[in-house]
Amino acid sequence: MPYFIYAPDTGNEKIYELPTGEITIGRERDNIIAITHETSVSRHHAQVIISQDSVNIVDQNSSNGTFVNGIKIDSCILKEGDLIHCGNAIFKFVTNSSQAQDISPTNIVKQYLQEFTPTELNELLDQQQDDSFSVLKLKEKDSNLQAVDKLKILLEVSKQLSSPTELEILLEKILELLFQIIKVDRAVILLVNETTGELEQKAVKGRVGINIEGSFYSKNITNFAIEKGITFLTTNACLDQRFDNPESIVSQSIHGAVCIPLKPRDQIIGVLYADNLSLSNVYSDEDVEFLTGLANQAAIAIENTQLYNKIQVEAIIRNKLERFFPTNVARKLKETEKLEIIDTEVTALFSDISGFTKMSSTMEPRQIISMLNEYFKIMVEDIVFRYEGTLEKYIGDALFAIWGAPYQTANDVEKAIKAAIDMQWAVRSFNKQREQRHQEPIAIHIGINSGKVAAGNIGSEKLIQYATIGDTTNVTSRICSEAKADEIMISQTTQEKLKEHQFPLEKIPPVMVKGKDEPIQLYRLLWQQVPS
């Protein structure tokens with residue numbers, strides 16, 4: 001079982017067991033984990049959704065945010081050892097019970113018995129019951145004891161529906177429980193389509209021998225319930241005066257019918273409809289009250305499952321997206337959701353494989369892709385990201401990286417220079433591997449420049465590309481073109497920003513580059529003199 005350790009590594013630790021289902025964290029006493037003394041915690045700060053496979057924490061629009069390992073999140077799948085901050089309240093997530101056992105048992109706030117006995121519902125129900133006064137299949141005949149049994153049944157229903165699963169499986173389970181508990185001929189669950197706002201049939205069940213093909217339910221009844229937002233009951237629908245056009249009701253031979261809005265919070269997400277084809281006046285007020293309670297449990301379970309599935313989908317999408325973004329950009333996206341356009345100063349690096357066009361003409365396309373994948377893995381993942389650079393793009397065999405956006409540090413220029421040096425040394429090691437495979441060695445040339453750019457989300461929010469625009473990036477590409485194989489060229493602006501950092505540089509005569517009216521001063525970085 002997973003646990004939260006509150007105030008870890010202090011003298012005030014408390015263990016909160018995380019049973020399967022939903023846990024809330026907040027300052028109000030109605031939360032499962034109530035941090036009443038901490039004003040930085042919102043009244044309803046976060047929600048934790050626990051399934052057999054994962055534990056997700058979801059921020060509930062809290063004032064001070066929810067952070068996992070120092071990163072602000074909207075939702076996050078927790079991993080062993082994660083530190084969660086809700087305001088100033090700190091929790092450690094653990095799945096190893098031995099860690100929790102190290103804390104005194106007196107500090108365990110809640111313990112739950114999670115084992116479920118499948119026979120418990122059957123002990124309360126009589127499937128052969130033929131009581132014309134109630135549709136509930138209760139064994140107990142004493143009205144006072146029946147009230148207790150109804151609560152027990154709702155508790156068991158809650159337990160069975162508490163674990164998020166596939167929506168289709170959950171809806172089938174709800175109807176299975178309905179037929180186990182109540183005498184009905186047919187039942188259907190309809191959910192509101194979030195896009196169209198229309199009710200759509202999602203699950204249906206009928207008693208053996210009853211035809212449930214097509215839309216057997218009356219749209220008059222379902223529309224009435226969802227429009228009014230109240231439970232609809234008719235003891236004999238064929239004679240009900242509330243319907244101006246009851247043809248569908250008559251044609252379906254509907255007698256007793258009940259339709260309950262599924263409303264877990266403020267919004268109706270669907271309806272639960274059940275009817276009897278031959279029995280009239282079968283639903284007592286107590287039956288409807290019980291059915292409403294059961295429907296409320298079902299509505300909460302449906303909403304939790306929908307939320308859980310959305311979180312799962314968003315997590316998958318986010319993980320896929322992060323593969324296409326540099327570490328820095330991915331972290332910034334998690335914090336801000338949007339990357340606004342900003343004016344900033346960066347140091348840009350442009351690297352190109354020398355003579356690549358000629359070399360690739362002798363290779364098969366698959367060989368080229370394989371070689372580039374291997375090469376870029378070394379250049380980007382092992383070097384650019386290690387020096388906290390942002391990969392902006394690949395351009396064929398070239399790569400363009402920047403330092404200073406979306407995060408600036410005091411030594412961005414030094415990091416870019418060191419990355420370039422490591423890239424040249426890495427090519428030498430790469431060539432040794434290629435030579436062992438009897439493959440042609442490669443050489444690269446690199447240009448580095450510093451200056452102002454506009455950085456941010458270029459394009460659209462759906463097709464996001466983090467990019468830098470400005471003369472600085474254009475000149476960087478031109479400087480790279482001036483460098484020869486195995487060379488690193490840096491601009492005057494980059495050289496001036498090196499300050500006390502000493503790198504072996506060789507000043508060369510000013511050169512004319514495309515797009516500039518005046519020649520620019522460049523320096524050759526003698527990287528061979530810097531140990532790898």
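1. Start with a charge over a ring: Lys 205 lies over the face of Phe 179, 5.6 Å from the ring centre. The rule here is that NZ of Lys or CZ of Arg must be within 6 Å of the ring centre and within 35 degrees of the ring normal.

2. Keep in mind that this is a predicted model, where local features need pLDDT of at least 70, side-chain atom pairs count only at pLDDT 80 or more, and totals for chains, interfaces and linings use all residues. Residues are numbered from 1 along each chain as its sequence is written, and side-chain values use heavy atoms, with hydrogens and water left out.

3. Rings of Phe, Tyr and Trp (its six-membered ring) pair if their centres lie within 6.5 Å; planes under 30 degrees apart are stacked, over 60 edge-to-face, and the rest tilted.

4. One of the pairs is Phe 376 with Tyr 394, tilted at 45° with 4.3 Å between centres. Phe 376 sits in helix α10 (residues 365-384) and Tyr 394 in strand β19 (residues 390-395), so this pair ties together parts 18 residues apart in sequence. Helices (H or I, at least four residues) and strands (E, at least two) are DSSP runs, numbered from the N terminus.

5. Phe 376 is buried at 8% relative accessible area, while Tyr 394 is partly exposed at 41%. Buried means under 20%, exposed over 50%, and partly exposed in between (1.4 Å probe, protein chains only).

6. Trp 425 and Trp 527 have ring centres 5.2 Å apart and planes at 90°, so they pair edge-to-face.
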